[in-house]
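Have the sequence and the 3D view ready, and follow along.

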Amino acid sequence: MPLTEARPLLVVNCGQLLTLRGPRRPRAGKEMAELGLVRNGALLIKDRIVAMVGRGDRVCRSPDARKAVRLDARGKVVLPGFVDSHTHALFAAPRVEDYVARISGASYSQIARAGGGIRASARRMRSASERVLIERLKNVVRLFLEHGTTTAEVKSGYGLDLVQELKMLRAIRAAAEDAACELVPTLLVHEIPARYTTERARFLQLVRRRLIPRVARERLAEFFDVFCDRGFFSLAEAKELLGAAAGAGFKLKLHAEQLARTGAARMAAGLNAVSVDHLDHLSETDIRWLRGTRTIATLLPGSVLHLGSTDYPPARRLIDGKIPVALATNFNPGSSPTLNMQMILSLACSQMRMSPAEAITAATIHGAYAVGRGARVGSLELGKQADLAIMDVDDYREIPYFFGMNHCATVIKKGRVVYHKAT
Ligand code: NIG
């Protein structure tokens, strides 16, 4: 039941309170394992903001705490809400036929070339009304919250033409309006529509001259992204589009090095991209090169699992090389049909040898930096937005350890209880 905003909220009896306090910048190297853990902690929230955080006895003594509405975390783990910084959460229908084809041996690229994949999602997108899309996304938002995600990036990219891309972005905006989970919209150029396969330059021109300016004018997206990979957009094509988007005021992201090593990550980091995402085939020289930039390396192990690959991105080498790593679900109907960040933590730990602490940093404060919100969300520090989740475990390491489960018991967004598991 939502609590009133007028009275402060006091979250008490936090067995492990993971504050993620630290420097006001992405964390590098060993810093990624520092969770700012407080045992028997408490948190006071006033006007949507963290007003006090620390040991329970100290916080509870404050005059404001005495007047506050109390929420008992029952000795469980409390941490910042997850920031899922890479999703394609708005789609018209699942693609179980791709899934079954892959089980029989077809690759992601072969399915795409045969007319499945992103183009199949685009065909279904055309027959979905904006109203239906809004309802679908609102439902996804509920599920995000139930799994502890309080901020999520959502990409367009199943439209492939002006009208359909605008429809997607307007649906994202409408669903975001009264959503308890903050949505960050991204304009994604995902695939060449079938009718432009022999006229790629014309399609790029349309994107540059019509789509990008229109989306900028209507303020429908904050970020711009391209699927730059073997069989999709080339390095030169992606660079041309990223340049136009930066000129129109978008912050940049890039799908890079997922299917093959192309040099996309370096190119995007050179353009000050906020994040480069996937990185399954990143090279050693790319890692060295990324170190000198401000770009976040966002890893998406859900797609590696779902596509039946073993090419997990080199998380250990990135972290040891002092590059800030974020984790995201990449929730989409083709390569990663999960929106559960807890499952992504399990994959990060078991398959990429990240420690549970590093994975939590990657899924909270680094996710926040990957969507340009590191100063506002992603940690539970004085003055930051009170977005947090209570997990029904005694030790934070149990979150990835018990994999494929949902441990989330309660979620607070901007100081308001927005999800409470029925008992
Ligand atoms: O991030 N790689 C490109 N885009 C998605 C897949 C989207 C789809 O297949 O529908 C991804 O894996």
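This is a predicted model: local features need pLDDT of at least 70, side-chain atom pairs count only at pLDDT 80 or more; totals for chains, interfaces and linings use all residues.

## Where the ligand sits

Where does the ligand sit? Look inside the largest cavity, and you'll find the ligand there.

Who are its neighbours? The shell is made up of 15 residues, and Y108, Y158, H190, Q258 and S335 come nearest. Sort that shell by class and you get four nonpolar, 10 polar and one charged residues.

## Polar atoms facing the ligand

Now zoom in on some side chains. Y158 has a polar side-chain atom 2.6 Å from an oxygen atom of the ligand. H278 also places a polar side-chain atom by a ligand oxygen, this time at 2.8 Å.

How much of the ligand does the protein cover? On its own, the ligand has 330 Å² of accessible area, and the protein covers 100% of that.

## What about the cysteines?

A disulfide is a covalent bond that links the sulfur atoms of two cysteines. How many disulfides does the structure hold? The count is zero. Take C181: the nearest cysteine sulfur belongs to C408 and is 12 Å away, while the cut-off for a disulfide is within 2.5 Å.

Is C181 buried or exposed? Its relative accessibility is 0%, so C181 counts as buried. C228 counts as buried too, because its relative accessibility is 1%, and the cut-off for buried is under 20%.

Terms used: Residues are numbered from 1 along each chain as its sequence is written. Side-chain values use heavy atoms; hydrogens and water are left out. Buried means under 20% relative accessible area, exposed over 50%, partly exposed in between (1.4 Å probe, protein chains only). A residue is near a molecule or strand if one of its heavy atoms lies within 4 Å of it. A polar contact is a pair of N or O atoms within 3.5 Å; within protein, one must be able to donate a hydrogen and the other to accept it, and residues adjacent in sequence count only if both atoms are side-chain atoms. Accessible areas come from the Shrake-Rupley method with a 1.4 Å probe; for residues, only the protein chains shown count as cover. On a 1 Å grid over the protein atoms alone, a cavity is a set of points where a 1.4 Å probe fits but cannot get out, and a pocket is an open set with protein on both sides within 12 Å along at least five of seven lines; lining residues have an atom within 4 Å of a point. A molecule sits in a cavity or pocket if more than half of its atoms lie within 2 Å of its grid points. Ala, Val, Leu, Ile, Met, Phe, Trp, Tyr, Cys and Pro count as nonpolar, Asp, Glu, Lys and Arg as charged, and the others, Gly among them, as polar.
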